[in-house]
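Student: I would like to work through this one step by step. Can we begin with the overall picture and then go to single residues?

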Amino acid sequence: MNGTRTLTFSPFTRNIASKTTIQLPLNRGMNELVVHADELAERDVFFYFEFRYKGSIPLQGVLLVDKGARRISEIETFLRSCFFPRDCLSEGNIELHYDPSTLSGTLDLTIDSRTQGFPPLQDPVSHVVARPDTDFVSLGPVGNDVGVFKLLVGAMAGGQLVNRELIIGLRPTDATDIVPMPTVGQRKAQTLWFIRDHGEEVVNRAMAICEVDKKFTPEAERFVLASLHMIEEMGDCADFHLVPMFLLITRYDTFLPRPLHDRIQCAIAKFRYWIDEPGNDVMWYFSENHAFLFHIAQYLAGHLFPETIFSASGRTGAEQYRIGKERVERWFDTFFTYGYAEWNSATYIPIDLIGFFVLFEVAPDQTIRDMSKRALDQTFRIMTYNSFKGIMSSSFGRAYEDTLKLRDQVEPCFMEWVAYGMGFVNSHIRAVSLFCISSYEPPRYDRDILCDDGQWMETELDQGQNQVKTYAFRTKDYFTASVRRFKPYQHGHQQHLMNVALGPDGVQLFVNHPGERAFSGGNRPSYWAGNGTMPFIEQYQALTMMLFRTDPEELVHYIHAYTTLYLYDEFVIHDRWLFIKVKDAYCGLWFSNGFAITESGANTGKEVMSQGLEHGVVVRCGNRYAFDSFGIFIRSLAGRAIRYVPDDGLTFDDPQYGIFHVVETSAAIDGYPIPYGPAKTMTIHKGVLEHV
Amino acid sequence: MSSRKEHVSYGIGYDDSITRWWTTAVHRRPFESPQATFDAPVNMGEAYVQIVYPVRKAFLDQYDPDTRRMPKGPFDHIYFPFENNRVDFTTFIHTPPTISGSMPSPGLMSRKAEAIRSMSIHAEASHCG
C-alpha cells in the first residue's frame, strides 16, 4: 500500500479460496494498492483474488487512465448490455443484440473467437459497427462451423481493448440436419462422412478419415500429431488421446508413415501410466474416467510391446500388461457393483465410452472384451433412459455451462442419433467416431422408453458408491428428473441436480443456485453449472419440490432458472407462478420469493431470478392429456394452497397427488413419508396419467 | 501510474469489491521438479478432492513469499470485471508452469476525502491460487 508491503498471504490451497481480514491504512486523497499473485498451475487453475470492502464510509474507486475515461465507461456499459437472443443457432445471421441507449455514436467492435478451451470459428467476422439507431449488429451468417464457441466482443478506448466473453452454440442446418438412415450400420457410415469434415481435431477423427478415404491424408496426420503432442508432453487429459492411439496403430497401422508409427511407439514407451511410476507431470489420475483410461493404456501398451522397457516404470511390457489388466478388471468390478460415480454425466460418460469401445475392439482377452460389451450395454441403457427426444435431459454428476445450456451439442445426443436415429449430429466425436468404426450395436433401449398419449414411466437408480438416488419421470410430452435428497445445504461442485425437458424438441429448463457471479466463468461451481449451496430436492412423479438455504458466505444471494422464453409457445406470469407451454407440454414454476425475468445483459430472455437466501420452489409438469388445456393447467395449479415458511418448509396441495410437504430433509404426501428405499438396480414403473 | 490524468470512477460501499485494476500480463514459466511417485485414492464420488502432487510440494518447498519482490510493471492491461466480483484469471493449463500476475489498484478515495486526513480500509481479501 503506497509503496509499503502490507500483507503476505500465501495459503496455496489449490483451487480452494482462502480468506483473511486486513486493515489497510489510507492516506488523505489518492492511495495506491499493488497486489502480486503467484501459483503453480495444475490443469484447471482457479486464479483470482477479491478485495471486499468492510468499512462503513463510502469510497470511490478510481481507475487512472491517460485518456478516454468517458469512452471506457460507455463501452463497459455497452458490452454489459450485449447478448445473443438465442443460445444456439441453426440458420440465419448471428445477431449480437445490445441496448442502443448506451451508445453516444457508432462503435467499432472487434470479434475474436480464439478463446482458450473453445474452437475458433473457421471464417469469422472480425470487425462490425454498432449503431445507436438500432439494437443489434450482424456477425454474419451461420456458416459451416458446428460446436460451442466463446466470442470475445471488444472495442478500443483510451488505447485499451475493452472486451467480454459471450458463448454461442452453432449447429448449422446445412451441415447437421442429416436424415438418419434406417439401420445402425447405415447411420455409422453417414456419421463417419460427417466426422471426416467436422469435429474435434484429434486422432479419433483421423481414423474416420482412414475409414472414408481409405488413405492417410495430410489432415489426418495433423490430427494424429495434435494428439501425439499431448501424449509426448504428458499434458493433462493425454490419456483421452492415448487410448484411441492403440486402435490407430493396430487397425490402421498400414496407413501410417513409418516415422510416425515409430514416434507413436516411442511416446507409448515413455508415457507415465500411473502414479506408482516416477514423474513430474500434473495429469489428473483420480477421477473415475481418467483412472479407467490410464489402466486401459497400461494394459494395451504392455500387450502390444511385451519386450519393451517402459522408461517411466522400468517395467517390461509384459509386466505392464499384467498390472494393467488387474487394474482394468478391478475398475470394471467396481463399476458393475456400484455404477457410475459421475452419474449420468453427459461430459464424462463419453470419456468412459472411449475406453469401452477400444477394449471391445482390441483387448487381447475375451474376458475384458465381454466386460466392455456389458459396460457398453449398461451405458447405452443409462444414456437412453435419461434422454428425451434424443437429448440427455437428466441430472448430471458433473456438468459445465455448455453441457447444460447447449444440450443438443453434447456427445450422448450424437450417440443417440447413431444408435437410434434420435438426437442430434454435433461436433463432439471422440466416442462417436469409435462407435462408428466398432462392430458394437446397442440393444433397442429406445423401444423401452416409448410413451403413448396418456402413458407415464418412472425410473430410479442409485448410482456410485455414494448411492446417489437418480430419478426420472417421463410422458410423451415431457421429462422431469432430479437427484433426490442429495447433500442438501452443502457447498456444491459441478452437480446438476434437477432438470426438465418439454415438448417435441426437448426444450430444457432447470433451477439452481449460481456458484459465482461471472456469467460464463471457469470456476466450479459456475454461474450456470452446479450449485453454490445445494438445495434439498424431493420429486414425486411430475412434481419436484426444492428447498434452498444458501450459505450467506456464497457470492450470489439469489437463485435462478434457465428459461429460454424464445422457445416457448406461451408463458404466463401469475403471482409467484411462471407457467410455460411448449406444444402439449406444460410446466409451472413457483418461487416463494417471487421472481423477475432477466431483461438486460448476457442472460436476457433466458433466465428468471428469485432474490434471497431461503426459498421454496415448486416445479410441476403436466400435459394436454392430463389437463386438457394450458388454461386448465394454470387454473389447477394457481388455485391450490401453497405455503413456504423457512422453519416449517414448503407445502403444496397438488391437484393430483395430494398435500405435499417438504421440510429440512424430509418429505411427505398427505402426512405419509414418501418412500425412500434402495434402488441398486434400475426400478421401472409405468402407468396411465389421470385426467385432472 | 500518477502520470495518468483521467479517472474512471465507481462507488465502493460496504461489502462491495474493488474490481477495476491495471495489471501486468499473466506470466507463465515451466516448472520442473524431481520425478517422484506418490499414492492417493481414486475419487469414487463426483465432488472435488484435494490431492497434493509431488510437483506442488516441490513448488512450495522452494517458494518463499517474503523474498518475492513486488514487480514494477509494466502495468499495461486494464481488468474489466463486468458482473464478476473477482479479479479473475482462471484458466486451464495442461502442464505445470508457475503463473504470476500483478495489479496496482485503482486509486482509492474517500468520498469525504477533504474532511478526512487518514483512514483505514477494513477489507476481506480472498485469494485462490
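Student: How many positive and negative side chains does chain A have, and how far apart do the centres of the two sets lie?
Tutor: Keep in mind that this is a predicted model. Chain A carries 65 positive and 85 negative side chains. The centres of these two sets are separated by 1 Å.

Student: Which radius of gyration does chain A have, against that of a compact globule?
Tutor: Start from the chain length, 692 residues. A compact globule with that number of residues would come out near 26 Å. The C-alpha atoms fill a box of roughly 70 × 70 × 50 Å along the principal axes. The value for chain A agrees with the globule: 27 Å.

Student: What share of the residues in chain A is buried?
Tutor: Buried means under 20% relative accessible area. The accessible surface of chain A is about 24,500 Å², and carbon and sulfur atoms hold 50% of that surface. Of the 692 residues, the buried share is 63%.

Student: How many helices and strands does chain A have?
Tutor: Look at the contacts too. Take those between residues at least 6 apart in sequence: 66% join residues at least 24 apart. The secondary structure comes to 17 helices and 34 strands.

Student: In which order do the elements of chain B run?
Tutor: Chain B has one helix and eight strands. Read from the N terminus on, the order is β-β-β-α-β-β-β-β-β.

Student: What percentage of the contacts in chain B with a separation of 6 or more comes from residues 24 or more positions apart?
Tutor: Chain B has 129 residues, and 53% of them count as buried. Its accessible surface is about 6,500 Å². For contacts with a separation of 6 or more, residues 24 or more positions apart account for 76%.

Student: How far apart are the centres of domain 1 and domain 2 of chain A?
Tutor: First the bounds. Domain 1 covers 69–173, domain 2 covers 178–275 + 283–447, and domain 3 covers 451–688. Ten residues of domain 1 are in contact with twelve residues of domain 2. Taken over C-alpha atoms, the two centres are separated by 35 Å.

Student: Is A:Ile275 buried or exposed?
Tutor: A:Ile275 sits in the loop between α7 (258–270) and α8 (288–304) of chain A. Its relative accessibility is 1%. The cut-off is 20%. Therefore A:Ile275 counts as buried.

Student: Which residues does A:Ile275 contact, leaving aside its neighbours within four places in sequence?
Tutor: Take A:Tyr285, ten residues away in sequence. Its C-alpha lies 7.8 Å from that of A:Ile275. The contacts include residues of chain B. They are A:Tyr285, A:Phe286, B:Thr37, B:Phe38, B:Asp39 and B:Ala40.

Student: Which residues does A:Arg327 touch, not counting those up to four places away in sequence?
Tutor: A:Arg327 is part of helix α9 (residues 317–338) of chain A. At 12% relative accessibility, the residue counts as buried. Its partners are A:Trp274, A:Asp276, A:His295 and A:Gln298.

Student: How many residues of helix α13 of chain A are buried?
Tutor: The helix spans residues 411–420 and is mostly covered. Among its buried residues are A:Glu411, A:Phe414, A:Trp417 and A:Tyr420. After the helix comes A:Gly421, with a positive phi near 75 degrees. The buried count is ten of ten.

Student: Where does A:Pro525, with its cis peptide bond, lie?
Tutor: The bond runs from A:Arg524 to A:Pro525, with omega near 0 degrees. Most peptide bonds are trans. A:Pro525 lies in the loop between β19 (507–512) and β20 (536–540) of chain A.

Student: Is A:Phe12 buried or exposed?
Tutor: A:Phe12 is placed in the segment before β1 (18–27) of chain A. Its phi is positive, near 50 degrees. With 9% relative accessibility, A:Phe12 counts as buried.

Student: What is the relative accessibility of A:Lys583?
Tutor: A:Lys583 lies in the loop between β24 (577–582) and β25 (585–591) of chain A. Its phi is positive, near 50 degrees. The residue counts as partly exposed, because its relative accessibility is 46%.

Key. Residues are numbered from 1 along each chain as its sequence is written. Chains are lettered from A and ligands numbered from 1 in the order in which they are written. This is a predicted model: local features need pLDDT of at least 70, side-chain atom pairs count only at pLDDT 80 or more; totals for chains, interfaces and linings use all residues. Side-chain values use heavy atoms; hydrogens and water are left out. Helices (H or I, at least four residues) and strands (E, at least two) are DSSP runs, numbered from the N terminus. The radius of gyration is taken over C-alpha atoms; the globule rule is 2.2 Å times the number of residues to the power 0.38. Buried means under 20% relative accessible area, exposed over 50%, partly exposed in between (1.4 Å probe, protein chains only). Contact means heavy atoms within 4.5 Å. Accessible areas come from the Shrake-Rupley method with a 1.4 Å probe; for residues, only the protein chains shown count as cover. Lys and Arg count as positive and Asp and Glu as negative; His and the chain ends are not counted. The place of a charge is taken as NZ of Lys, CZ of Arg, CG of Asp or CD of Glu. Domain bounds come from an automatic or database domain assignment.
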